[in-house]
Amino acid sequence: MAEGNKNLTRRQVIVGASAATVTLGAVTLGSSKAQAAGRWDHESDIVVVGSGAGASTAALIAHDNGDSVTVLEKAPIVGGTSAKSAGVLWIPNNFALRGRKIEDKKEDCVRFMARYSYPERFNASQPNLGIGERNLAMLETFYDNASPTIERLQKIGALEVAEWRMFALDRPATDYLDHVLENKVPAGRTLGPLKADGKTVGLGVDLMIHLNGALKKKGIPVLVNHRVVRVVTNPAGRVVGVEAESGGKTVTVRARKAVIFGTGGYAHNPEFVATYQRVPIYGACAHPWSTGDFINIAGAAGARLGYMAGAWRTQILLEEALQNPNLAAGVFFPPGDSMLQVNRYGKRVVDEKRNYNDRTEIHAQFNPTEAEYPNHLMFMVYDERTADGFAGAYPLPEKPTGAPYVISADTLDGLAAKLAERLKDVGPKTGNFSLSADFAANLKASIVRYNAFAKTGKDEDFSRGKHSYDTEWHAVFSPMHPGSKYPKNPSPNATMHPLSAKGPYYAIILASGCLDTNGGPQIDPKGRVLNTKDQPIPGLYGAGNCIASPSRYAYWGAGHTLGNAITWGAVAANNAHAETPSEAE
Ligand SMILES: Cc1cc2nc3c(=O)[nH]c(=O)nc-3n(C[C@H](O)[C@H](O)[C@H](O)COP(=O)(O)OP(=O)(O)OC[C@H]3O[C@@H](n4cnc5c(N)ncnc54)[C@H](O)[C@@H]3O)c2cc1C
């Protein structure tokens, strides 16, 4: 590592800090440890903050560009949430598609992304598709750089990937919005990391074994237990380094060209969650270090923030999350066919088989007449067929009542009464969310209506099972247990089966949760963080969940977040490479 010993002067400015330590009004001028000591502890062309997929890619591409790099990671281990993930990467126009001679044209793909990300503004006949020049440029940049980033990582020996296929179906993965006209390539944009055997597609841990392993192989220094708390700017406002806290000491690191943040979202920062989210995110499967540090660090440097209410959403188990919000997983694919979800009025409000991100949005729907969130908590109700036939598919336990979060009763009235009691118990933590007086009657009516749809195979309310996403992901993640005493679903719509007229019945309380959040400082198409005047803050870049998502709230398909994180990490590194090195001050 390049060990610097350059003087910092009084004229330099230390800005930013975690919410816990410094407020914006108390930005420190000329009082940092670095200034007092008059030297930097470390120095390189580019400083990368974080060691997840976005940050690691930025570091590897920067190194390949010939820049010297220092990586700072606040956790004692590397890999971030990326290492907990399934490792799937959504990459348009990828080598597997091209190998199958499937054209994923830029114009078409960008239209699809624009349609999904900006449904209220998208208009193909307007300039910039109606979504604005900058937003369109972000989507074009993603398309232009996604597949080349994978190929570059492969070329430098930092990653091995293959097409990610849908396990038992053994076919390319269907996008999360496969059926809209704008999606011309509805399946096949997903790749997955290879395991050490070089053949089998693995998980996030394998992705990060590749990327973090490559950092090591290439001799890129990674300083764990280093929590970056500030960026350092020169008098011209250029970011020239960072301050980190490590073992009770302050460590200063100079960045001659740029600092790139890849520090994840704020899912585990209760204060930010309470401030920015409409209904609580009760828990997240992001790793516990996702506390949104970049928001205050960049905010103090003058960054403008975007999409702060955003998150990569998933339903979660309320009662598990109340015990520990650091979750292993979300309810990504609610299992079962004789299963429906209802709100506090006992009414269905969503296609239960829609993708996790879009489905979970329903929790924040506002009822203006009652001034309430009627779907704040939802109730997954099912019968013995689902409890037995889909046992073991999370969150259904192996035995029907084999988990404390499963509520059961012989009748629907009994189930409603037990649910009401359970809600009372957790009331102090849920704003006393309760069932309406007509919940049981409405639930019965909802089941009658659902059963009629299940018989015809046509969900006239929410189109459950109408589109390939629903049916294919149901087949992969919610197959019937081979040893079940119940017959296979004979319906043409395998996602729906009538609930039995006889109990026992079961219910699980679902809450709003997330993989991680995706709001933060806004970047431009070069990955540069923008200030409140819409100008780039010189020397400051970001990628992954720590920035305002370039896709806004849309989850284009499996692997969306990692596809974006690595692509924007590479974009940031390439543009940072072109920066003129700052003067040593
Ligand atoms: C169970 C699960 C499955 C998932 N599966 C998929 C999937 O298959 N495909 C997909 O696309 N997405 C998936 N996701 C989501 C995906 O994991 C994340 O969106 C992605 O990993 C985010 O990457 P990142 O680079 O932005 O940040 P992270 O991987 O979260 O890395 C951020 C790093 O920054 C560090 N850091 C934070 N603050 C500081 C600081 N102040 N100083 C220094 N370091 C700091 C953190 O400790 C962390 O190591 C899944 C998530 C979960 C939980």
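In the predicted model, Pro-504 is found in the loop between helix H14 (468-477) and strand S17. The bond that joins Gly-503 to Pro-504 is a cis peptide bond, with omega at about 5°. A cis peptide bond also leads from Tyr-394 to Pro-395, where omega is near 10°. Pro-395 lies in a loop as well, between helix H11 (384-389) and strand S16 (407-409).

Most peptide bonds are trans, and most residues other than glycine have a negative phi. Ala-371, a residue other than glycine, has a positive phi near 50°. Ala-371 is placed in the loop between helix H10 (356-360) and strand S15 (378-383). Its relative accessibility is 55%, so Ala-371 counts as exposed, the limit being over 50%. Asn-432 likewise has a positive phi, near 55°, and is placed in the loop between helix H12 (412-426) and helix H13 (439-456). With a relative accessible area of 57%, Asn-432 is exposed.

Strand S17, which was named above as one end of the loop that holds Pro-504, spans residues 505-517 and pairs with strand S13. The pairing of S13 and S17 is antiparallel and extends over seven bridges. Strands of a sheet pair through backbone hydrogen bonds, in either a parallel or an antiparallel sense. Within this pair of strands, Trp-312 has Asp-516 of S17 as its bridge partner. Strand S13 comprises residues 311-317 and is mostly covered, with seven of its seven residues buried. Ala-311, Arg-313, Gln-315 and Leu-317 point one way from S13, whereas Trp-312, Thr-314 and Ile-316 point the other way. The residues of both groups are buried.

A further set of strands forms an open sheet of three, in the order S4-S6-S5, with antiparallel pairing. Strand S4 (89-90) and strand S5 stand at the edges, and each has a single partner strand, so one side of each is left without a neighbour in the sheet. Strand S5 is joined by three bridges to strand S6 (residues 190-193), and the two run antiparallel.

Val-161 is found in strand S5, which covers residues 161-163. The relative accessible area of Val-161 is 7%; because this is under 20%, Val-161 is classed as buried. Apart from residues up to four places away in sequence, Val-161 touches Leu-89, Phe-95, Ile-150, Gln-154, Leu-191, Gly-192, Pro-193 and Leu-194. Val-161 and Glu-43 are 118 residues apart in sequence, and their C-alpha atoms are 33 Å apart in space.

Ser-246 provides another example of a buried strand residue. Ser-246 is placed in strand S9 (residues 239-246). The relative accessible area of Ser-246 is 15%, so Ser-246 falls under the 20% limit and is buried. Leaving aside residues up to four places away in sequence, Ser-246 touches Asn-225, His-226 and Val-251.

A polar side-chain atom of Ser-82 lies 2.6 Å from a ligand oxygen atom. The backbone also takes part in such pairs: a backbone N or O atom of Gly-559 lies 3.3 Å from an oxygen atom of the ligand, and for a backbone N or O atom of Leu-562 the distance to a ligand oxygen atom is 2.7 Å. On its own, the ligand has 1000 Å² of accessible area, and the protein covers 97% of that area.

Note on methods. Residues are numbered from 1 along each chain as its sequence is written. This is a predicted model: local features need pLDDT of at least 70, side-chain atom pairs count only at pLDDT 80 or more; totals for chains, interfaces and linings use all residues. Side-chain values use heavy atoms; hydrogens and water are left out. A polar contact is a pair of N or O atoms within 3.5 Å; within protein, one must be able to donate a hydrogen and the other to accept it, and residues adjacent in sequence count only if both atoms are side-chain atoms. Accessible areas come from the Shrake-Rupley method with a 1.4 Å probe; for residues, only the protein chains shown count as cover. Buried means under 20% relative accessible area, exposed over 50%, partly exposed in between (1.4 Å probe, protein chains only). Helices (H or I, at least four residues) and strands (E, at least two) are DSSP runs, numbered from the N terminus. Two strands pair if DSSP finds at least two bridges between them. Contact means heavy atoms within 4.5 Å.
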